[in-house]
Amino acid sequence: MGGNGVDYIAIDIGASSGRLIHANFNGLGGFKLEELHRFKNGFQDQAGTDRWNLTNLVTEILKGLEKVKKAGINECFVGIDTWGVDYGLVDAKGNILGDPVSYRDDRTKNVIVDFDKEMPLSELYKKTGIQLQPFNTVFQLFVEEQEKLADAAQLMLMPDFLGYIFTGKAVTEKTNASTMQLLNLKTREWDKNILNVVGIENTLFPPIAEPGQILGELQADKFTEYELPTATFITIASHDTASAVVGTPARGDEWAYISSGTWSLMGVEIPEGISTEKAFASNFTNEWGVQGTIRFLKNIMGMWLIQEVARMQDYRYSFPELAELAAKEKPFQQFVNVNDSRFLNPDNMIEELQAYCRETEQKIPVTPGELARCIYDNLALCYAVELENLAEISGRKISKLHIVGGGSNNKFLNQLTADACNIEVEAGPGEATAIGNLMVQMIATNGYGTLEQAREDIRNSVELEMYYPHHSADISAAINTYKQFLK
């Protein structure tokens with residue numbers, strides 16, 4: 001386990017699971033990952049509100065750090081990444097004001113219409129460059145309980161909130177902060193006009209921190225029931241997509257990525273934001289990345305669809321089995337706008353997909369194979385449409401598409417994506433987010449000099465798989481039909 005080099009731990013938490021991953025770096029190039037702890041995550045209904053179980057998250061992280069110690073790692077660096085937009089509140093005495101609300105809670109269901117009355121959405125986008133999603137932090141705060149906001153002394157996004165619990169140090173990491181839709185794209189500061197609409201002051205937020213900044217030491221005396229290592233927490237690119245892009249083993253600048261997990265995030269890495277009318281109309285977002293970059297991307301509903309279908313079937317079929325069943329079905333039997341808000345958090349995803357097809361007078365998918373084929377076909381078609389938009393709006397030539405994250409293990413969807421997008425696809429690594437987390441830690445502690453060097457080392461340390469396109473007239477026709485369902 002612990003070697004002669006420096007030990008790093010990535011705490012990588014997604015909407016459905018979390019993991020602690022170890023890497024040892026000795027300066028000779030290359031690294032190996034070891035998963036030391038994995039746990040389930042998910043929001044729960046608490047008195048009618050969907051919330052994250054903060055106690056469980058903290059407990060599981062401590063269990064993982066205890067395993068780090070038992071593995072013979074007495075000293076380490078640690079970084080935390082999670083999803084974006086959700087936040088925790090603390091009062092002036094440092095007391096936590098309840099479990100954080102999940103972005104999938106329906107409290108923001110109609111908020112965009114109400115917000116537009118206070119500030120035009122086009123103005124909000126021009127200021128921030130952030131894609132309009134009802135669950136963005138700006139909209140969550142717009143409907144937040146005023147009494148709770150009055151009691152709050154500090155607001156922290158989930159990774160910073162967890163870091164605060166473990167170190168007592170409060171910051172606002174910038175790659176994640178940019179997803180809040182409260183920061184001005186040009187000034188890179190809190191936008192006073194937007195804060196006024198929401199009814200908060202910028203003093204609610206701890207200081208903005210750069211990725212790679214030392215946060216503080218683990219306060220082991222607060223958790224005496226656990227045997228913990230000496231751990232120095234580093235504020236990494238704490239939005240999971242920001243870390244996944246760092247962990248993308250790309251070369252040059254003629255590439256795009258899909259960070260494929262619960263969400264599919266498709267984008268390019270650029271030096272300056274794009275908040276044009278075309279970008280606004282296509283609902284692309286400008287999230288901040290490491291070393292001054294911008295992640296210009298589109299949020300796509302992603303593997304959430306198939307995850308929910310599997311759950312509705314009591315997980316009788318594994319995801320590889322669902323892909324095998326899908327491969328046996330006839331393609332393009334349904335056309336579904338996968339980004340329709342009705343699929344954000346339905347009571348039953350199967351029934352919601354079937355209702356969509358019924359309402360649009362299409363063949364209704366019934367069997368597990370038909371449902372999986374419906375989802376994978378329409379994800380691939382969506383990727384094709386958005387890749388076309390991405391290239392047009394960014395002005396980038398895109399000759400390769402990198403698929404990273406857990407979804408990169410889906411060989412069936414990878415080939416569908418290559419075919420639909422008519423582009424070479426390079427899949428892997430599956431643990432891109434954890435790797436990106438680790439890379440920022442290593443760069444911060446002089447393990448690597450540049451992002452380019454880190455990415456080259458990733459290429460030499462993980463297995464990657466190529467998929468070559470087999471485009472056809474049938475696929476072109478399917479893409480054109482899909483576009484009609486987006487109107």
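How are α11 and α14 oriented to each other, roughly parallel or roughly antiparallel? In this predicted model, the two helices pack at an angle of about 170°, with their axes 10 Å apart. Angles over 145 degrees count as roughly antiparallel, and α11 and α14 are therefore roughly antiparallel to each other.

**Where α11 and α14 meet**

Let's look at the residues involved. From α11 come Leu-305, Ile-306 and Val-309, while α14 brings Leu-371, Ala-372, Ile-375, Tyr-376 and Leu-379. Sorted by class, this contact has 8 nonpolar residues, with no polar and no charged ones.

**A closer look at α11**

Helix α11 runs over residues 304-312 and is mostly covered, with 7 of its 9 residues buried. Those buried residues are Trp-304, Leu-305, Ile-306, Gln-307, Glu-308, Val-309 and Ala-310. What lies over them includes α12 (319-327), α13 (349-359) and α14 (368-394). Just past the end of α11, Asp-314 takes a positive phi of about 55°.

With α13, the axis of α11 comes within 8 Å, and the two cross at roughly 115°. Trp-304, Leu-305, Glu-308, Val-309 and Met-312 of α11 make this contact with Met-349, Ile-350 and Leu-353 of α13. By class, the contact has 7 nonpolar, no polar and 1 charged residues.

**A closer look at α14**

How many of the 27 residues of α14 are buried? The count is 24, so α14 is largely enclosed by the rest of the structure. Its length also fits expectation: at 1.5 Å a residue, the 27 residues should span 39 Å, and the end C-alpha atoms are 38 Å apart, which agrees. After α14 comes Gly-395, with a positive phi near 75°.

Helix α12 is another partner of α14. Their axes come within 7 Å and cross at roughly 90°, which makes α12 roughly perpendicular to α14. On the α12 side the contact is made by Phe-319, Leu-322, Ala-323, Leu-325, Ala-326 and Ala-327, and on the α14 side by Pro-368, Gly-369, Ala-372, Arg-373 and Tyr-376. These residues divide into 9 nonpolar, 1 polar and 1 charged.

| Helix pair | Angle between axes | Axis distance |
|---|---|---|
| α11 and α14 | about 170° | 10 Å |
| α12 and α14 | roughly 90° | within 7 Å |
| α11 and α13 | roughly 115° | within 8 Å |

**The nonpolar cores**

The largest nonpolar core holds 142 residues, and Leu-162, Phe-166, Leu-182, Phe-296, Tyr-376 and Leu-390 touch the most other members. Helix α14 gives the most to this core, with 15 residues. There is also a second, separate core of 23 residues, which includes Tyr-8, Met-442, Ala-454 and Ile-458.

Apart from neighbours within four places in sequence, Phe-166 is in contact with Val-58, Ile-61, Leu-62, Ile-80, Glu-217, Leu-218, Gln-219, Phe-223 and Phe-233.

**One more stop: Ser-243**

Finally, find Ser-243 in helix α9 (residues 240-246). Is Ser-243 buried or exposed? Its relative accessibility is 0%, so Ser-243 counts as buried. Not counting residues up to four places away in sequence, Ser-243 touches Asp-81, Ile-236, Ala-237, Ala-432, Thr-433, Gly-436 and Asn-437.

Note on methods
Residues numbered from 1 in each chain as written. Predicted model: local features only at pLDDT ≥ 70, side-chain atom pairs only at ≥ 80, totals over all residues. Heavy atoms only, no water. Buried < 20%, exposed > 50% of the residue type's maximum accessible area, 1.4 Å probe, protein only. Helix = DSSP H or I, 4+ residues; strand = E, 2+ residues; numbered from the N terminus. Contact = heavy atoms within 4.5 Å. Core = buried A, V, L, I, M, F, W, Y, C linked by side-chain atoms within 4.5 Å. Axes fitted to C-alpha atoms, helices over the stretch in contact; angles between N-to-C directions. Parallel < 35°, antiparallel > 145°, perpendicular 65-115°, else oblique. Nonpolar A, V, L, I, M, F, W, Y, C, P; charged D, E, K, R; others polar. Expected span 1.5 Å × (residues − 1).
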